[in-house]
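This report describes a protein chain for a reader who is new to structural analysis. Please examine the sequence and the model before reading on.

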Amino acid sequence: MILLTVLFPCIISTYSASVKGHNTGPRINNDKLYKFAYSTEVLIDRVKGSLQESAGFRISSEVDVNLVWRNPNNDDDQLIKIAVTDVTVENVSERPTNKNIFNGKTTDKIIGKEYLAALKRPVVLQWTRGKVKNFYSYANEPAVVQNLKKGLASLFQIQMNSGVVSETDISGKCNVTYQARQNQITKIKALNSCKPEQTGFTSHSRIFDISKKSTSAAIYVLEDTFLKIVRAEENHVLKLSVRQQTDAKVISKQKLELKSTEAGPRVMAGKQVTSIIKALDSNYVAISLVAEPLISECKNCPSLSQHWNTIRRRLEPENLPKADAVRGFLSFVQNLRKATKEEILQILRMDSNAQVLPQLIDAVVSAHTSASLEAMLEYLDFKNNTSSLLLERFLYACGLAPHPDELLLKSLINIYRSPIGNSEIRETNLIIIGALIRKLCERGSCKLPAVVEAKKLILGGLSRTGKALDAKIYLTALKNALLPEAIPLLLKYAESGEGPVSHVAATALQRYDPVFITSEVRKTMNRIYHQNRKVHEKTIRTTAAAIIFSSNPSYMEVKNLLLSIGDLPPEMNKYMLSLVQDILRFEMPASKLIRRALKDTIIHNYDRFSKMGSSSAFSGYLKRGTDVASAYSFDILYSGSGFVRRSNTNIHIFNEYAQLHAVQVMIEAQGLESLIAATPDEGEEDLESFCGVSAIMFGVQLRPVTVFHGYGDLMSKIFSLSTDPMQVLKGLIHLMDYSQTMQLQSGLTCSTEFQGGLSIDISSALEFSLWYREFKNNVKTRGSFVAVGNIVVDSSFVKAGMETSFEIEGKMDIISTAQFSQNPFLVCIEVDKAGTPVREYITKYESLPSGKSYTSRKGKVSLLEGSQYPLHQENSNACREVFTDKSDTSESWF
């Protein structure tokens, strides 16, 4: 008992001391000089690249650390001096002499005497319980040198116990997780939590975005309450969402290792940190540990006019479908972002650029700078009726912009409220305003003043208008905007509007995400389909059915749709049957309910499912991959007299995160029965002869185009029809635009840029013969897609980087042959895709400002085989009959 009484206070005091030791921070001993070896390196490569082939460099040095002052009232509050000596810059892995840019170069020649002297000037840290409370250095030092020192100082940001904290280092204020065990501490930094966030921008669409994964970890080994070894590493992996094989990896490493300890300077006496710092060196100032932004200057870069002269020929109309055109376009966009308004206007006003002016406008709008926008607004004259082609090109480039801003939307609103010489340009402007509203709202910017103003412009205009034509344009703008608050208005026009107006409202609702198609919306669609209140055209009824099927319908809604088949007009019967079969074949969400309903023999019987006709709906895959998939759908609805009532072709691109309506071409025709003295279908007796084309391009609804209106206009265009190819669409689209600056913990800065562009050239050749009663249309689509990624670490005295790219050139022909020598007409559609070359390139480089450089280039070319895409069975039967008739005709006697 006496022994326990004696030992108990000892046990308690020992336990208290261990707890106190655990909670305090690391300490540096008095009058000692700690000599460390320090190195930081950066590597850039493909994700699966090897160390030997990576681009990068290493900065190595000796680091001396000593205690300057210790707070007499708190042993854990210390001032430590850190001085860098013996700096070298070298390759990370061994290189042959002819590939080593540092061979024969001394450090002062590589870094520069001024920068090297600044790097060797010591810094002082106020180190309290392992946290860098203050960072003291010299003002007006080069930012890159200051950041390298901050990167080293950030390694001293540590705590001795496990837990999650928020702390500030060179990366900013970040959430950090510590795991402490004996003399080893693991530090994991959540880089996505760091504030301020990394600067830059990305594309609106997640299909054409960049996926990025970043990790940061450090391991500390302590000895005698001070640092012995520190190893830190951060990894950044970037991949194209649209093609995961095009990727990049950036690895940044730091290593600090204690080599020896010797006698050092004596500790200074004093009570206040400020007085100690002033006595140490009056030039010291407290500076934030967060990295300073670097301003990079392009040396020996061509001027805007020089660059334009280099790439101008690539953008001429005949060269547009080639990949070189897109590469030239993307590189010129980058140069335009550094140009002034005056420089851009000088290029726009050159008389020699008349032939390539539309492509030049595509590039200037894609630059997305205030200077480029001001130049365009000054150059274009919206009051002039003769320049409608350029004005339309400008507006469509605005609508397709990958990351529009409020300034662009505000500019289009101002244009709309000013005099416009061409009514079609005015309509296009309003439609594109709708597209910008949606893109800004999807980015969380729906409450910006310009967005609120634009909403009022469209919603208020639709509420006030009394003309069907004006209502149609406002509804088309809402078809782009997809505002939740517009749904009641769209329902009103879909159910009670006249044919064309009702159809635009219904197709606008079809573009909404299923989450917005509530039971109330489905009730209206059911009333339209089943014609509970009024008779509707079958184009609107089938659209209503498609909306119901795609928006989580109830079992009874699906059952009633299936029961209606058999009591519909003949071609609508066939269309609905084909639509149901397509849902089942493609395993769409409604397929489970349809299969359940089909177990009922009242629904699933021969009488109902044997209806004849030519109308159909068909979906299929263009490509199925692990990263992205693309699907096409083709549906065609005929009138009872055999004329095409609606033809709708769609291409969707989707991945695990998002879906993009890449292309839609919808052709609508009505009132053509008078040509063959046929009887119109129910509800379509009074329709005027009309044909129009509506298109969606990468999620943006374009202005609908009227092919003919009225019987007289139709006959006039038939007799004036030319067999020469007609230009439908030609241009350059900026699809991918990603730029981010990554601050590495070492103090170096990595800039990452990914650009993607598409060139498209669509032409249509028409052949029409009243004698042979045949119509043939060949729509030729030619184009290229190019994606280029640039990853660069530029320390101003050495630069390392990688350019990764891929390009694809495609050709597709859609040949439609219609024979109207019999009723119903025979229509054969062929979709042919030619063999497509895919090229990949990797360029890695290292360079010094003196001009000495090392470059490694690799390339790979593959060929995607051509194919003919399958369509519905009825189309195959029609094609077989058309080609059989041609074969019989060619071999007949004369």
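A residue is called buried when its relative accessible area is under 20%, exposed when that area is over 50%, and partly exposed in between, with a 1.4 Å probe and only protein chains considered. The model is predicted, so local features need pLDDT of at least 70 and side-chain atom pairs count only at pLDDT 80 or more, while totals for chains, interfaces and linings use all residues. Residues are numbered from 1 along each chain as its sequence is written, and side-chain values use heavy atoms, with hydrogens and water left out.

**Overall build**

The protein chain has 894 residues, of which 53% count as buried. Its C-alpha atoms fill a box of roughly 115 × 80 × 55 Å along the principal axes. The chain contains 25 helices and 28 strands; these are DSSP runs numbered from the N terminus, helices being H or I with at least four residues and strands E with at least two.

**A covered helix**

Helix H19 spans residues 538-549 and has 12 residues. From its first C-alpha to its last it reaches 16 Å, close to the 16 Å expected at 1.5 Å a residue; the expected span is 1.5 Å times one less than the number of residues. In H19, 12 of 12 residues are buried, among them Lys538, Arg541 and Phe549.

**Salt bridges**

A salt bridge is a side-chain nitrogen of Lys or Arg within 4 Å of a carboxyl oxygen of Asp or Glu. The structure holds 45 of them, and the table lists some examples.

| Pair | N to O distance |
|---|---|
| Arg58 and Glu90 | 3.5 Å |
| Arg121 and Glu141 | 3.0 Å |
| Lys730 and Asp761 | 3.6 Å |

Lys730 belongs to strand E21 (residues 726-743) and Asp761 to strand E22 (residues 749-769), and their pair links parts of the chain 31 residues apart. Asp761 counts as buried, at 13% relative accessibility.

Which strands hold Arg58 and Glu90? Arg58 lies in strand E2 (residues 55-71) and Glu90 in strand E3 (residues 74-90), so the pair ties together parts that are 32 residues apart in sequence. Glu90 is partly exposed, with 31% relative accessibility.

In the remaining pair of the table, Arg121 is partly exposed, with a relative accessible area of 34%, whereas Glu141 is buried, at 7%. Elsewhere, Arg327, Glu807, Glu809 and Arg839 are linked in a network of salt bridges.
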